[in-house]
Amino acid sequence: MTPNTISSGQPITTSDDIFSAGLSYSLPLFTGFAQTRDIEINALASRMEEIKYSLTKEQLIYNIRTLYLAILTQEEILNAQKKQTDSLKKLSKQIAYEVKLGKKAQIDLLKSKSDFQASKTKEAILISNIKTTKATLSSLVGGDVSDLKPIMIAIKEPHYDLDALYERSATLKKIQSQELMIQKAEKMIAKSKSANLPQLNLSSYYGKNYGQDIKSDDWDDETLWQVGVNLKYNLLDFGKRDASVQKAKIAKQQAMLAKDQTLLDLKKNLIEAIGNIEQSYAQFQGNTTQFALSKKSEKIEKVRYENGVATLNDLLLAQSKMLLAKAKVIESKYAYQKNIYYLDYLLERSSED
């Protein structure tokens, strides 16, 4: 540094190289509410994530219930098929005995054995399907599901009030999520408009300047500090702020349309779910009646065959119809319960059980 003299006689230290070290701090005093909007938007986003998790949970529960019912359906049909197999086995033994006595023809024995093998094949197919479905359910729940307990299914005539169910839509999380999307869009509009307001910042600095005296090689330093308030306002941004506001408004319109579409889809799905429940109830009633009639028919054909009035084909056909009717009763029973579960899923009642 080279000392110079001013009028007061005090030297001014100068240097070719000056170094500075210090701390600076800046605090926004007013950002046009932009930071406030950011906090509110983050809070809405957090709430939306919670709802998304809850809806995913509802979907998982419904999928588990559906697979569970599928397994129970196949297991109950398998039990009915096993009874049919046992019945055919006994019938084949009886016919074989009567063939020895000359009361029945050899062709009847061949037919009964053929149906017996066909019934065993159906058993094997059902067992394979059950294993596959259980493996799917096991991977979904992350545990062993080899032993499933049956559930009680109460078949009741459905009486649903569509309007009453639809009124609950405002409380559903899927609708709340759409509402939050609209609120988020509104916050984005407000945040975009904040760019039109002045920005006020508090800034401060504290530090030292260091320099080496050219003549004495001594180091000298000077403490510096400053505090100030800065006002910033963009007079012209070539339409950037207006474009940002317009984009946010479009996002809000899209969110409102998405909510309206969700409500329309919900009403359509509720109508479909109620219709499916009513249909499965009617099918269960009809199948139950048909099964009762087929059981009577099978007993009659068995007596007629034993008395030589009917052929073996008549008996086997009656047994086949009875088994088919039994399977339809089982399927319609579980279909009824599956449709109940679907309605619960739409109304987000799955996790209440």
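A charge is taken to sit over a ring if NZ of Lys or CZ of Arg is within 6 Å of the ring centre and within 35 degrees of the ring normal. In this predicted model, the charged end of Lys 267 sits over the ring of Tyr 166 in that sense, 5.2 Å from the ring's centre.

**Charge over a ring**
- Lys 104 also takes up a position of this kind, lying over the face of Tyr 305 at 3.9 Å from the ring centre.

**Aromatic pairs**
- Across the whole structure, a search finds 3 aromatic pairs, and one of them joins Tyr 62 to Tyr 342 in a tilted arrangement, with 5.8 Å from centre to centre and 55° between the planes.
- Because Tyr 62 belongs to helix H1 and Tyr 342 to helix H6, this pair ties together parts that lie 280 residues apart in sequence.
- Tyr 62 also pairs with Tyr 345, and here the rings are stacked, at 5.2 Å centre to centre and 20° between the planes.
- Tyr 62, Tyr 342 and Tyr 345 together form one aromatic cluster.
- Both Tyr 62 and Tyr 342 are buried; for Tyr 62 the relative accessibility is 13%, so this residue counts as buried, the cut-off being under 20%.

**Largest pocket**
- The largest pocket holds about 510 Å³ of space, and 22 residues line it, with Asn 79, Ala 80, Lys 83, Phe 291 and Lys 326 the closest to its centre.
- Helices H1 (34–101), H5 (240–306) and H6 (312–346) each supply at least two residues of this lining, and the largest share, 8 residues, comes from H1.
- Sorted by class, the lining of the largest pocket comprises 9 nonpolar, 4 polar and 9 charged residues.

**Second largest pocket**
- The second largest pocket has a volume of about 310 Å³, and among its 15 lining residues Gln 81, Lys 122, Ser 320, Leu 323 and Leu 324 lie nearest the centre.
- Two or more residues of this lining come from each of H1, helix H2 (106–141) and H6, and H6 gives the most, with 7 residues.
- The lining of the second largest pocket divides into 7 nonpolar, 4 polar and 4 charged residues.

Methods. Residues are numbered from 1 along each chain as its sequence is written. This is a predicted model: local features need pLDDT of at least 70, side-chain atom pairs count only at pLDDT 80 or more; totals for chains, interfaces and linings use all residues. Side-chain values use heavy atoms; hydrogens and water are left out. On a 1 Å grid over the protein atoms alone, a cavity is a set of points where a 1.4 Å probe fits but cannot get out, and a pocket is an open set with protein on both sides within 12 Å along at least five of seven lines; lining residues have an atom within 4 Å of a point. Grid points are joined across faces, edges and corners, and a volume is the space filled by probe spheres set on the points. Helices (H or I, at least four residues) and strands (E, at least two) are DSSP runs, numbered from the N terminus. Ala, Val, Leu, Ile, Met, Phe, Trp, Tyr, Cys and Pro count as nonpolar, Asp, Glu, Lys and Arg as charged, and the others, Gly among them, as polar. Rings of Phe, Tyr and Trp (its six-membered ring) pair if their centres lie within 6.5 Å; planes under 30 degrees apart count as stacked, over 60 as edge-to-face and the rest as tilted. Buried means under 20% relative accessible area, exposed over 50%, partly exposed in between (1.4 Å probe, protein chains only).
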